[in-house]
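The sequence and structure are shown first.

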Amino acid sequence: MVDLARIGADRAVRELSGWSAVAGRDAIAKTFVFGDFDAAFAFMARVALMAAKMDHHPEWSNIYNRVEVVLATHDAGGVTSQDVQMARFMDLLVGS
């Protein structure tokens, strides 16, 4: 069973590089910029496969080479260790 205990955005951003707390809610965000649309879409495809495996899906949008991501665990009403795990996976994919 997955631990859905809230850890909060402030704690999460202290553990992560380049992520920030979202104003007005317990969530974290980061914008990833790629060389082109193909690279951005490939990133999203790899994250989607992990999200399905984790049963934990990001809020995101894509405009050409940019992917804006917001992470929060809706069932917990805020940021959990699952969000940190997903953020670390995304960072690993881009080498940050």
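## Packing around Met86

Leaving aside neighbours within four places in sequence, Met86 is in contact (heavy atoms within 4.5 Å) with Val47, Met50, Ala51, Met54, His56 and Leu71. The model is a predicted one, in which local features need pLDDT of at least 70 and side-chain atom pairs count only at pLDDT 80 or more, while totals for chains, interfaces and linings use all residues. Residues are numbered from 1 along each chain as its sequence is written, and side-chain values use heavy atoms, with hydrogens and water left out.

Helices (H or I, at least four residues) and strands (E, at least two) are DSSP runs, numbered from the N terminus.

## Salt bridges

There are 6 salt bridges in the structure, each a side-chain nitrogen of Lys or Arg within 4 Å of a carboxyl oxygen of Asp or Glu. In one of them Lys30 pairs with Asp91, the closest N and O atoms being 2.7 Å apart, and this pair links strand E2 with helix H3, 61 residues apart. Lys30 is buried at a relative accessible area of 12%, and Asp91 is buried at 6%, where buried means under 20%, exposed over 50% and partly exposed in between (1.4 Å probe, protein chains only).
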